[in-house]
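Please work through the exercises below with the model at hand, trying each task before reading its solution.

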Amino acid sequence: RYSSMKDYLSELDKETKKALETFYGFSEGKSKVRRSVDEGNSTGSDFFKQIPLLKFEDFSKTATDLRSGQKRKIEGSVFHKDSSIVNSGDSNDIIGFQLCDANNSSECALYTFSSGVNAIQEWYKLHYMNIMAQIPLETKEKLSYSADDLLLTCFFDGLSCDKRHFTRFHHPLHGNCYTFNSGENGTILSTSTGGSEYGLQVVLYIDEADYNPFLVTSTGAKIIVHDQNEYPFIEDIGTEIETAAATSIGMHFTRSRKLSKPYSDCTETGADIPVENLYNKSYSLQICLHSCFQKAMVDSCGCAQYAQPLPAGAEYCNYKKNPNWMYCYYRLHEKFVKEQLGCQQICKDACSFKEWALTTSIAQWPSTVSEDWMLRVLSWDKGQKINKKLNKTDLANLMVFYKDLNERFISENPANTLVILLSNFGGQLGLWMSCSVVCVIEIVEVFFIDSLSIVMRRQWQKAKKWWNDRKRDRSGKPPEAGDLERQGHDNPVCIDEDLPTFNTALRLPLPQDNPLPRTPPPNYSTLRLETAFTEQLPDTLEVGQH
């Protein structure tokens with residue numbers, strides 16, 4: 001709520017209005033700016049003197065100071081934040097600010113903007129974070145909108161819902177945000193039918209008159225669809241909805257899974273990433289990048305950046321305790337954007353993630369014929385919480401639903417595995433070479449097992465021969481007669497050192513001292529036929545003379 005924050009932002013608003021009047025001639029009259037009731041809430045005028053808004057002339061380093069109105073020479077490196085935006089106005093209208101190292105005043109950086117709107121918003125946001133970092137979280141939650149303030153009507157799956165179905169979490173810049181169906185109470189709501197009538201239907205109260213005019217310049221609400229275990233990065237992927245309109249968001253759910261190593265460099269749970277998860281949610285690339293930058297911020301600057309979760313044992317940066325934090329933050333952020341900080345190299349994509357493809361349609365709401373009675377009824381439902389009649393620009397109608405209940409699953413599978421590789425290899429061998437598994441085994445046996453066996457056997461024979469010769473040399477005795485008998489493998493007739501075959505054995509010379517072996521005569525008694533009959537049969541007798 002801007003009205004509840006004015007006491008803390010009074011001096012910052014005054015300096016911003018003075019800059020608009022000095023640079024652009026914009027004035028709101030002589031209205032008094034409220035002063036802070038607590039001196040601790042003010043950032044101090046010295047802070048604005050240290051980092052004032054500057055107007056640069058013709059891209060030079062001559063600038064006009066906001067507070068004094070005097071021109072001075074500015075030293076330092078120039079970083080043009082809107083280099084991709086073409087400025088259609090005069091080149092003299094370049095607004096920016098200078099950040100210097102508190103420990104070394106000669107180390108400065110100039111940040112310029114082609115658009116004065118962007119320059120003032122960036123400068124305001126910088127001081128806004130410095131102020132909010134000094135306010136306790138409980139106080140900031142009380143200064144923000146409650147669920148009762150935000151919700152006018154609520155329906156889910158055709159049934160009424162209320163603030164009990166919404167869980168609060170505090171966003172550093174936007175204040176209180178609310179998550180529907182977060183599951184923190186142990187219950188997760190579900191729908192069994194697709195279509196807009198069975199989704200979430202809410203009418204939000206957008207108090208446009210209580211917006212901070214310098215922090216945000218658009219009216220509406222920001223929403224994001226995410227899983228219960230995912231952190232909602234509203235700043236990065238939020239969807240904006242309009243006021244005075246009915247916004248319908250149809251969803252298609254997709255679950256994706258990528259293969260991890262060696263097929264990709266993704267991570268399953270983030271446990272192998274040397275970066276602490278500061279969000280207490282399931283791992284994602286954005287969580288890793290933000291956590292990595294916050295860790296580098298604490299290590300380099302001695303304090304934590306306000307827009308991200310606070311690490312254990314650290315404090316948020318503010319100018320009173322850390323006068324050098326802004327210069328350090330911008331220098332570090334510059335390295336992060338240029339991928340010189342190492343976070344992009346350390347952080348990896350998640351292997352499993354969920355996506356909701358959103359289709360948005362917008363219609364005028366409420367219609368001209370129903371505007372009068374609908375605003376009256378909603379104002380009456382609001383009761384005493386507001387003291388004015390609602391306007392349609394204060395309302396936003398939102399419907400979020402599944403178009404259908406079909407879940408799309410995308411997964412990666414390896415194109416070749418070991419089984420497929422062997423199958424393809426065997427198929428090609430069989431097609432082109434008529435080979436089979438038995439053929440391959442025989443080839444392996446011949447070329448590897450048999451070859452190894454022959455080599456090892458020959459090495460064994462050489463070693464054995466060497467050992468026998470060595471023993472004979474040591475003894476000094478001449479070889480005995482028995483030793484002179486040649487064996488088949490010692491006979492010079494053998495053409496190799498292998499054991500003799502049958503043919504080579506036949507060609508071996510006979511020993512000189514042994515008689516030539518002869519074939520023994522046959523045992524004729526074994527050739528005699530034994531008959532089973534005692535007398536010869538008559539028909540076998542030879543017929544003699546009659």
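Two exercises with worked solutions follow.

This is a predicted model, in which local features need pLDDT of at least 70, side-chain atom pairs count only at pLDDT 80 or more, and totals for chains, interfaces and linings use all residues. Residues are numbered from 1 along each chain as its sequence is written, and side-chain values use heavy atoms, with hydrogens and water left out.

**Exercise 1.** Locate W380 and decide whether W380 counts as buried or exposed.

Solution. Begin with the secondary structure, where W380 lies in helix α10, residues 371-382 (helices are DSSP runs of H or I with at least four residues, numbered from the N terminus). Next take the relative accessibility of W380, which is 68%, so that W380 counts as exposed (buried is under 20% relative accessible area, exposed over 50%, partly exposed in between, with a 1.4 Å probe and protein chains only). For the chain of 546 residues, 35% count as buried.

**Exercise 2.** Describe how helices α3 and α8 pack, and say which residues make the contact.

Solution. First, helix α3 (residues 116-132) and helix α8 (residues 325-337) pack at an angle of about 120°, with axes 12 Å apart (axes are lines fitted to C-alpha atoms over the stretch in contact, and angles run from 0 to 180 degrees between N-to-C directions). The two helices are therefore oblique to each other (under 35 degrees is roughly parallel, over 145 roughly antiparallel, 65 to 115 roughly perpendicular, and the rest oblique). Finally, E122, L126, H127, M129 and N130 of α3 meet W325, M326 and Y330 of α8 (contact means heavy atoms within 4.5 Å).
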